[in-house]
Amino acid sequence: MNTLALPSSLHITKNYSNGAFVETSKTFDNISPVTGKVLSRICEADKALVDATVQSARQAFNGIWGETTVEQRADYLLKVADIIERRFDDFIAAEVLDTGRPVEQAKKLDVYRGIHNLRTFAEIFKHEYSKTECFESHLADGSQLLNIIKRKPLGVIVSISPWNLPLLSITWKAAPALMAGNTIICKPSEETPSSATLLAEAFQEAGVPAGVFNVLHGFGRDSTGEWLTQHKDIDAVTFTGESGTGASIMKTVASEVKPVSFELGGKNAGIVFEDADFDKAVEGIIRSSFTNSGQVCLCTERVYVQRSIFDKFVKAIKEKTEQLQIGWSEDEKTFMGPLISHGHREKVLSYFRLAVEEGAQVVTGGGVPTFGDERDQGAYIQPTIWVGLPDDARCVTEEVFGPVCHIAPFDTEEEVIQRANNTDYGLAGVLWTTNLSRAHRVAPKINAGIVWVNHWFARDLRTPFGGNKLSGIGREGGTYSMEFYSEPTNISIRL
């Protein structure tokens, strides 16, 4: 069943620096989460390559890229998007083999959004970035000032992206950074290096000047990620990933007060009111809890259901969850693939064990499925539902980042708002109700960067995205990305 193959250029996956693919002596294995087999060998960037890449990015920023217009930059990004579209099957293979996710999801979400990110930011910036504001003022001596506000890029951006949505994440950062006139060095996760390298091939084919877009492979601590964030000649860091890593990066760049944009973890709440469309709410919570095997920062791990429908809801979601197909990526019926790695599976399983110790009742799941074939060497896990835990249990307060949710009853609006907000995170929330007044009343009171009502995960790329508290700093999306990747300068002219 597993017939996908990586493009031949990725068998030895190289770094992309200063417009060329660079092989290094130190490599590491890219392991399939589906079968546990080696997919390819990845060249790890060393300190010398990191330094050379930063310098080439600086030269491009000060030189050829700094001389481009926003329209010219948009043309480059649109060419890259066209190349991805032409090589659609190659990008699908890279995403699916690295992550193990279903092919249908990669088609409709990952690669589609990668293309859409490039095209959307190209169009938004082309129309918005060159706009200037002008303020006239009069001084006490009767003279006049004309203040012209122009935007300028930050310089060399370091982007560190996660393994759960690789192509989506890297294009979400690179597109606005480049459109603002910056150059960028991307460090994809060591777990998912393939689509980033294919993206570098697309940038090279599109004729984007050397040094503008770069991809360096490696790890975090004592490797590529740490060397990049510590480098004196970078200007800003954008990071998507675990909250603790974000805090570490912030400490690293704090001494030089470099800008950061962080999209971090979540322990998101889903609220189901008794007036909700019951069947849609059940399907919606299953999707928001178990999509991509729960490996999405926006997934719902805490579910609060109004007491009058609680027992009915738990019974229904148990039945539907046990019907979900876990299996081969290429099977159209597959809803869930494996976790990203055996290491991550062990972390999630440790929470499964902890939940039982804390007193949870396991409604369904809680273990590892068996297949009787090579998938048993992969990192598969069962979608899992708990009930019965108190709100201060670790499994209710800490992000698991796996296919799991805890369901608890509630009685009143005021109560559930307080419980939903009783968290160190603040990324996302989802409400299920057919009462329009209630939706308008409750949604603004949820302390999260985005709140969905009667749906989940749909995004308009013009809107702000980001979280509060441990879920991140800043907002990106549309012109909100422009605010991070560039800064305003006031040119004050005395007339």
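Does α2 pass α6 in a left-handed or a right-handed crossing? To get there, let's start with some ground rules. What you have above is a predicted model, where local features need pLDDT of at least 70, side-chain atom pairs count only at pLDDT 80 or more, and totals for chains, interfaces and linings use all residues. Residues are numbered from 1 along each chain as its sequence is written, and side-chain values use heavy atoms, with hydrogens and water left out.

The expected span here is 1.5 Å times one less than the number of residues.

Now look at which parts of α2 are tucked away. Val70, Arg73, Ala74, Tyr76, Leu77, Val80, Ala81, Ile83 and Ile84 are buried. Buried means under 20% relative accessible area, exposed means over 50%, and partly exposed is in between (1.4 Å probe, protein chains only). The buried residues of α2 pack against α3 (88-99), α4 (103-128), α5 (166-179) and α6 (194-205).

Take α4 as a partner of α2. The two pack at an angle of about 165 degrees, with their axes 9 Å apart. That makes α2 roughly antiparallel to α4. The axes are lines fitted to C-alpha atoms, for helices over the stretch in contact, and the angles run from 0 to 180 degrees between N-to-C directions. Angles under 35 degrees count as roughly parallel, over 145 as roughly antiparallel, 65 to 115 as roughly perpendicular, and the rest as oblique. α2 passes α4 in a left-handed crossing; a crossing gets that label if the near helix is turned anticlockwise from the far one by less than a right angle, and is right-handed if clockwise. On the α2 side, the residues making the contact include Val70, Ala74, Leu77 and Ala81, while those on the α4 side include Val111, Ile115, Leu118 and Phe125. Contact means heavy atoms within 4.5 Å. By class, this contact of α2 with α4 has 12 nonpolar, no polar and 6 charged residues. For these classes, Ala, Val, Leu, Ile, Met, Phe, Trp, Tyr, Cys and Pro count as nonpolar, Asp, Glu, Lys and Arg as charged, and the others, Gly among them, as polar.

Back to the opening question: α2 passes α6 in a right-handed crossing. Val80, Ile83, Ile84 and Arg86 of α2 meet Leu199, Ala202, Phe203 and Glu205 of α6. These residues divide into 6 nonpolar, no polar and 2 charged. The angle between α2 and α6 is about 125 degrees, with the axes 9 Å apart, and the two helices are therefore oblique to each other.

While we're at α6, check out Leu198, which lies in that helix. At 0% relative accessibility, Leu198 counts as buried. Leaving aside neighbours within four places in sequence, Leu198 is in contact with Pro7, Ser9, Leu10, Arg87, Asp90, Phe91 and Ala94. The C-alpha atoms of Leu198 and Leu167 are separated by 9.6 Å, and these residues are 31 apart along the chain.

Next, α4 and α5. Their axes come within 8 Å and cross at roughly 15 degrees, so α4 and α5 are roughly parallel to each other. α4 passes α5 in a right-handed crossing. Among the residues in this contact are Leu118, Phe121 and Phe125 of α4 and Leu168, Trp172 and Met179 of α5. The contact of α4 with α5 divides into 12 nonpolar, 3 polar and 3 charged residues.

Further along sits α11 (residues 342-357), whose 16 residues reach 22 Å from first C-alpha to last, close to the 22 Å expected. Its buried residues include Val348, Leu349, Tyr351 and Phe352, and the buried residues of α11 pack against β16 (384-387), α12 and β17. Just after α11, Gly359 takes a positive phi of about 105 degrees.

Asn18 has a positive phi of about 55 degrees although it is not a glycine. Asn18 is found in the loop between β2 (15-17) and β3 (20-22), and at 41% relative accessibility it counts as partly exposed. Phe401, also not a glycine, has a positive phi near 60 degrees. Phe401 belongs to the loop between α12 (394-397) and β17 (404-410), and is buried, with a relative accessible area of 12%.

Conventions. Helices (H or I, at least four residues) and strands (E, at least two) are DSSP runs, numbered from the N terminus.
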